Protein chains: 2
Amino acid sequence: MMEFDLIDAIRARAGRRRGDVALGIGDDAALLEVPAGRQLVACTDTMVAGVHFLAGTAAEDLGWKSLAVNLSDLAAMGADPAWALLSLTLPEADGGFVDRFAEGFVELAAAHGVALVGGDTTQGPLSITVTALGTVPHGGALMRGGARAGDAVFVTGTLGDAAAALRLLRDSGLGTRASGEQPPVPQPILFERLSRPKPRVAAGQTLRGVASACIDVSDGLLADLAHVCRASGVAAEVDIEALPVSAALLAAFDKVACRGFALSGGDDYELCFTAPPERGAEIASAFERLGLRASRIGRIGTGEGVRVLDAEGNPIDTLPAGWQHFATSRAGSE
Amino acid sequence: MMEFDLIDAIRARAGRRRGDVALGIGDDAALLEVPAGRQLVACTDTMVAGVHFLAGTAAEDLGWKSLAVNLSDLAAMGADPAWALLSLTLPEADGGFVDRFAEGFVELAAAHGVALVGGDTTQGPLSITVTALGTVPHGGALMRGGARAGDAVFVTGTLGDAAAALRLLRDSGLGTRASGEQPPVPQPILFERLSRPKPRVAAGQTLRGVASACIDVSDGLLADLAHVCRASGVAAEVDIEALPVSAALLAAFDKVACRGFALSGGDDYELCFTAPPERGAEIASAFERLGLRASRIGRIGTGEGVRVLDAEGNPIDTLPAGWQHFATSRAGSE
């Protein structure tokens, strides 16, 4: 038995309730109301110390990120997040860790109106599993399989920042920060992208009825766009000059490395989506209202696979060196 | 990255589909249809090696049990199970383990018509988290908080078998069995109760509209009945002579030990429920149709806490020695 209860700690912090939670934490299961005319959207994701995050990662960042990666999956479906269940496995009773974990978790949950409705706390090697539940208007979900030849390919935000931050952390031999301290790297913007990814929930909602296919970029753009191509039975071309990279990334690495991170870095949690090119103006104005960049980075064609094209439109056969990233194993509901 | 995919292995084995799965494994999230007029019921539970099960436990038993403990929570709500998400963390790629795990998981899932709709496979210390989702007619869920003074207390099946099996395993210095081998203890019935608990799904469904409160016995009868009392604002008395214990348990331990296991042994996964005494005949005939024992073991009164009474109706102050069981940490949605 643990001598503390994370679930209680989070419940105490998450003051407000949702009207659609008929019964929350404290019984054998939660009772939830799915509105008529909507479908339930469900995903789960596990983060293990040393695999998905560096040992010593700040507890508040883990709390945030464990929910963020799941909300990102809901966002990729165009869903409205509603509820979450949380299983935390901790090596030893550590009330401080739990408090800080709860702080990060609740901060993101509150930002998206998500209610924690169940979970458990277990003793064992550090690991976090979150299940996120949301809803979407019937038939309105975004899926991977809808991309069609002729569609344009878009991506939100910027790519590669998180992978670059991880590289900096590893190269510095750091990879930890004590709670409340400043990040040990001179690129706090990059570090923030790694430790506090912002799930593109509003973007996903905006794309309902607009995007033909959508996925969140968790394994890297090339890998995730390849999932879309496989599911849709199409091929994609990506214009390397069109990849959106941040000023912070460009300041920290040379252009070749930046492109490597942008193409193959994991943990971006941006949305990659496809849409008919004639909807480009509509998409541009919708994202302007959101205050989020949406870059057109390529096109869908017939065939299979993803090709990267240089400025002259010639395929780039080999990836730049140095794009290796921290391996994340996300299978199944990835 | 893992070199195998458990989720695919299970998907391949689980041939049939549910009509209410609009989109299953393979996208960012699953899309599910909750029927009109029903509430969603959600719970999650984690099992960690060395905490919730002995190292070396057969993979097929882990597959079964990781789902069973969650279906038991749904059963305690009177829910109809529908879908599950599974996160498996495994130290190393082991296709044999995965196959056997999938076998046990699918066997139980098929028995209850549960569809696996998401999950992931991760490398790390052995741990399993399952989220189970079901539905219940609106307002029909069983809860912990409905027990009223004057209600009778019932329990399904028999108590203490799993805890006794665990004791035998530990005393024997065993605690492992290779797949396909016979259990190493001479009490296969007890061992089966520990390794393959049967969630009382049909019993929970039968109790809708009948029981005033319900909980599954996972932490031990006394602990779980105390949860009901706390949630309901009542007290309970348990007649020690009325506790249902199996012939297998009586054959393996003396009476005092049997009662200790029955009162405080964990991992029973029976249902403990309360109902007005005048519904006793109705309950008896309903359980006869189910082919499951339902024993009346006590009564609800005013006040707080759980008292155990001997044959003369006198409170037993101290628990029998030797009832310590394998600690299971189940908090939050327990």
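Student: What should I know about the numbering and the model before I start?

Tutor: Residues are numbered from 1 along each chain as its sequence is written, while chains are lettered from A and ligands numbered from 1 in the order in which they are written. Because the model is predicted, local features need pLDDT of at least 70 and side-chain atom pairs count only at pLDDT 80 or more, whereas totals for chains, interfaces and linings use all residues; side-chain values use heavy atoms, with hydrogens and water left out.

Student: How many residues of chain B are in contact with chain A, and how much area do the two chains bury?

Tutor: The size of an interface is often given as the accessible area lost when the parts come together. Here 61 residues of chain B are in contact with 60 residues of chain A, contact meaning heavy atoms within 4.5 Å. The two chains bury about 4,700 Å² between them, 56% of it on carbon and sulfur atoms, where buried area is the accessible area (1.4 Å probe) that two parts lose on being put together, summed over both. In chain B, Asp28(B), Leu31(B) and Leu40(B) lose the most area to chain A, together 15% of what that side buries.

Student: Which polar and charged links does the rule find across this interface?

Tutor: There are 4 salt bridges between chain B and chain A, each being a side-chain nitrogen of Lys or Arg within 4 Å of a carboxyl oxygen of Asp or Glu. Asp27(A) and Arg144(B) meet through their side chains in a salt bridge, at 3.6 Å from N to O. On the side of chain B that touches chain A, the largest share, 9 residues, comes from S3(B).

Student: Where do strands of the two chains pair?

Tutor: Helices (H or I, at least four residues) and strands (E, at least two) are DSSP runs, numbered from the N terminus, and two strands pair if DSSP finds at least two bridges between them. Strand S3 of chain A, residues 38-48, is joined to S2(B) by 3 bridges, and the two run antiparallel; within this pairing, Ala42(A) has Ala30(B) as its bridge partner.

Student: Which strands of chain B pair with S6(B)?

Tutor: S3(B) is joined to S6(B) by 11 bridges, and S4(B) to S6(B) by 9 bridges, both pairings being antiparallel. Ile128(B) in S6(B) stands opposite Met47(B) and is also the bridge partner of Leu88(B). Of the 11 residues of S6(B), 10 are buried, that is, under 20% relative accessible area, with exposed meaning over 50% and partly exposed in between (1.4 Å probe, protein chains only).

Student: Why is helix H9 of chain B described as largely enclosed?

Tutor: Helix H9, residues 255-264 of chain B, is largely enclosed by the rest of the structure because 8 of its 10 residues are buried. Among the buried residues are Cys258(B), Arg259(B) and Phe261(B), and the buried residues of H9(B) pack against elements including helix H4 (161-171) and strand S12 (305-309) of chain B.
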